[in-house]
Amino acid sequence: MTGRVVLAGNVLADLVIEVPALPERGGDVLGTRTETTAGGGFNTLVAARRLGTEAVYAGLHGTGPHGDLVRAALAAEDIGTLLPARTDLDTGFTVALVDAGGERTFVTSFGAEATLAPADVAAIAARLRPGDLVQLSGYGLVLPGNGPLLCGLTGALPAGATLCLDPGPLVADIPESVLAPVLARTDWLSTNAREARLMTGHEDPRGAAAALVRLLAPGAGVLVRADKDGCWLAAPGRPPVHVPGFPVTAVDSNGAGDAHVGAFLALLGQGFDPLTAARGANAAAACAVTRRGPATAPGRTELAAFLAGDPLAERLSGTGNG
């Protein structure tokens, strides 16, 4: 049995509005296209589930239009939930303004997912399994209420569970009292190049990966995602190595990092070694950017076709679903 990917983070609604340009302060602008989808950690769960790994959302979700949208999206991807719906709050949402150049500007209004209580964390801990791969995001750790509780959850993970941390763009705002204990328990740290620089001061992804390893406990590993250049992998006990990316024509980079994290954890949980899992994650992220939308991670069959001629393609085709 492969390990589950369990998101102990936030799934919320994304309201995406395309605009010619951002308005000046006090001004207005007419949107050209609007779409509301599930977002946040949803993309990571989708990437793992589509590769044949069981995926579970272990965060809060509310009652209302956004909560209903999130639950419907999770159900459509066959992703389970560990906690019941909150009846007094709706799920939160993010407004993403996308200008003509493709630049995204975000405003987030948190809802039920940001109101964890000790009883919620205890309920999550009681339902975790030794083989689970638990995904934690800096978006949860930065919240004044959720952060300390999620930090406590990492100390209560069952033996044999794997903890992966994606520190996110707000990593510099996470209190040290929360971040340090989480890093001490982290088995895999997956960052993009900017986040790695914020955490280490190193502009070079290779140097940042080496420095990040020193922030973790012995035996932990690091991935520094470098977009089209693939990633740098510091597997446990080994120096960082470059894992090349796959050349594609990018259409929409939104969700590529989430696709990378979800695919890496799924393949790792299915028994692939870290280097092979990282190559598969690079391929999944490359597939994802060739299509518009937030949750564009490939299925197993699609990823195998993308990797045609690569030994990994045969291994992907041999088991699981797509």
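User: What span should the 15 residues of H10 have at 1.5 Å a residue?

Analyst: The expected span of a helix is 1.5 Å times one less than its number of residues. Helices (H or I, at least four residues) and strands (E, at least two) are DSSP runs, numbered from the N terminus. At 1.5 Å a residue, H10 should span 21 Å, and its end C-alpha atoms are 21 Å apart, which agrees. The model is predicted, so local features need pLDDT of at least 70 and side-chain atom pairs count only at pLDDT 80 or more, while totals for chains, interfaces and linings use all residues. Residues are numbered from 1 along each chain as its sequence is written, and side-chain values use heavy atoms, with hydrogens and water left out.

User: How many of the residues of H10 are buried?

Analyst: A residue is buried under 20% relative accessible area, exposed over 50%, and partly exposed in between (1.4 Å probe, protein chains only). In H10, twelve of the 15 residues are buried, and the helix is mostly covered. Among them are Thr-276, Gly-280, Asn-282, Cys-287 and Ala-288. Contact, used from here on, means heavy atoms within 4.5 Å. The buried residues of H10 pack against E11, E12 and E13, and also against H9, helix H11 (300-306) and helix H12 (311-318).

User: What does H9 reach from its first C-alpha to its last?

Analyst: Helix H9 (residues 256-269) reaches 20 Å with its 14 residues, close to the 20 Å expected at 1.5 Å a residue. H9 is also mostly covered, with eleven of its 14 residues buried; these include His-260, Phe-264 and Leu-268. Just after H9, the backbone at Gly-271 adopts a positive phi of about 100°.

User: Which residues are in contact with Thr-191, leaving aside its neighbours within four places in sequence?

Analyst: Thr-191 lies in strand E10 (residues 188-192). Because its relative accessibility is 0%, Thr-191 counts as buried. With neighbours within four places in sequence left aside, its contacts are Pro-167, Ala-196, Met-199, Leu-212, Leu-223, Val-224 and Arg-225.

User: Which strands stand at the edges of the open sheet of four strands?

Analyst: That sheet has the order E3-E2-E6-E7 and mixed pairing. Strand E3 (33-40) and E7 stand at its edges with a single partner strand each, so one side of each has no neighbour in the sheet. From one strand to the next, the twist averages 20°. Strand E2 (residues 11-18) and strand E6 (residues 93-98) are parallel, with six bridges; Leu-15 has Val-95 in E6 as its bridge partner, and Glu-18 has Val-98. E6 and strand E7 (residues 104-109) run antiparallel and are joined by six bridges, and Ala-96 is bridged to Phe-106 in E7. The hairpin of E6 and E7 has five residues between the strands, where Gly-102 takes a positive phi near 90°.

User: Which residues line the largest cavity?

Analyst: On a 1 Å grid over the protein atoms alone, a cavity is a set of points where a 1.4 Å probe fits but cannot get out, and lining residues have an atom within 4 Å of a point. Grid points are joined across faces, edges and corners, and a volume is the space filled by probe spheres set on the points. The structure holds one cavity of 30 Å³ or more, and the largest cavity has a volume of about 40 Å³. Its lining includes Asn-43, Asn-254, Ala-259, Ala-288 and Pro-294. Helix H1 (residues 42-50) gives the most to this lining, with three residues.

How values were computed: On a 1 Å grid over the protein atoms alone, a cavity is a set of points where a 1.4 Å probe fits but cannot get out, and a pocket is an open set with protein on both sides within 12 Å along at least five of seven lines; lining residues have an atom within 4 Å of a point. Two strands pair if DSSP finds at least two bridges between them. Axes are lines fitted to C-alpha atoms, for helices over the stretch in contact, and angles run from 0 to 180 degrees between N-to-C directions.
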